[in-house]
Amino acid sequence: MSRSHTHVAEALRDEACPVTEVLDRVAGKWSIGILIAAAHGPVRFTELERAINGISRRMLTLNLRRLERDGLLVRTVYPTVPPKVEYSLTPMAWELHTSLTGLVGWAERHRSAVAEARAAYDAAAEQGPDAD
């Protein structure tokens with residue numbers, strides 16, 4: 001690779017790396033569900049657990065910690081017995097929520113079209129490469 005190509009590749013990597021890291025964090029299966037559910041908040045742990053189908057307590061705990069660390073959730077502990085803990089979106093997460101709800105709406109509107117496209121692709125693949 002020439003020096004100019006190496007320089008361009010390094011510049012793209014350096015620019016894309018932080019973006020990829022953030023997107024990996026917020027675009028995960030559980031993160032999206034948590035952020036959408038927390039938008040109805042403040043919400044408690046058990047409410048999130050019930051709202052997010054299939055998530056384990058351990059996975060919910062890990063993702064809540066990550067989202068709090070990334071500045072997307074605020075965890076509020078009330079001094080009661082037993083302690084009451086609530087999660088709510090930060091202003092930055094509210095901005096992200098707007099994009100996520102658009103994405104969720106797009107997925108709901110196009111779910112059947114994607115399924116049809118997959119079925120057509122799979123059927124063509126089964127017929128072999130000469131079917132084109």
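**Strands, helices and their terms**

Reply: In β3, Leu 89 is the bridge partner of Leu 73. This is a predicted model, in which local features need pLDDT of at least 70 and side-chain atom pairs count only at pLDDT 80 or more, while totals for chains, interfaces and linings use all residues. Residues are numbered from 1 along each chain as its sequence is written, and side-chain values use heavy atoms, with hydrogens and water left out.

Me: Why are β1 and β2 described as standing at the edges?

Reply: The open sheet has three strands in the order β1-β3-β2, with antiparallel pairing. β1 (43–44) and β2 (73–78) each have a single partner strand, so one side of each is left without a neighbour in the sheet.

Me: What makes up the secondary structure of the chain?

Reply: The chain has five helices and three strands, where helices (H or I, at least four residues) and strands (E, at least two) are DSSP runs numbered from the N terminus. From the N terminus on, the elements run α-α-β-α-α-β-β-α.

Me: Why is α2 called roughly perpendicular to α5?

Reply: Two packed helices are described by the angle between their axes and the distance between the axes. Axes are lines fitted to C-alpha atoms, for helices over the stretch in contact, and angles run from 0 to 180 degrees between N-to-C directions. Helix α2 (residues 29–38) and helix α5 (residues 91–127) pack at about 110 degrees, with their axes 10 Å apart. That angle makes α2 roughly perpendicular to α5, because angles under 35 degrees count as roughly parallel, over 145 as roughly antiparallel, 65 to 115 as roughly perpendicular and the rest as oblique. The contact (heavy atoms within 4.5 Å) is made by Ile 32, Leu 35 and Ile 36 of α2 with Ala 93, Leu 96, His 97, Leu 100, Thr 101 and Val 104 of α5.

Me: Why is α2 also called roughly perpendicular to α4?

Reply: α2 and helix α4 (residues 57–69) pack at an angle of about 75 degrees, with their axes 10 Å apart, and this angle makes α2 roughly perpendicular to α4. Trp 30, Ser 31, Ile 34 and Leu 35 of α2 make the contact with Met 59, Leu 60, Asn 63, Leu 64 and Leu 67 of α4.

Me: How do you know whether Ser 31 is buried or exposed?

Reply: Ser 31, found in helix α2, has a relative accessible area of 4%. Buried means under 20% relative accessible area, exposed over 50% and partly exposed in between (1.4 Å probe, protein chains only), so Ser 31 is buried. Not counting residues up to four places away in sequence, Ser 31 touches Arg 25, Val 26, Asn 63 and Leu 67. Across the 132 residues in the chain, buried residues make up 21%.

Technical notes:
Pairing = 2+ DSSP bridges.
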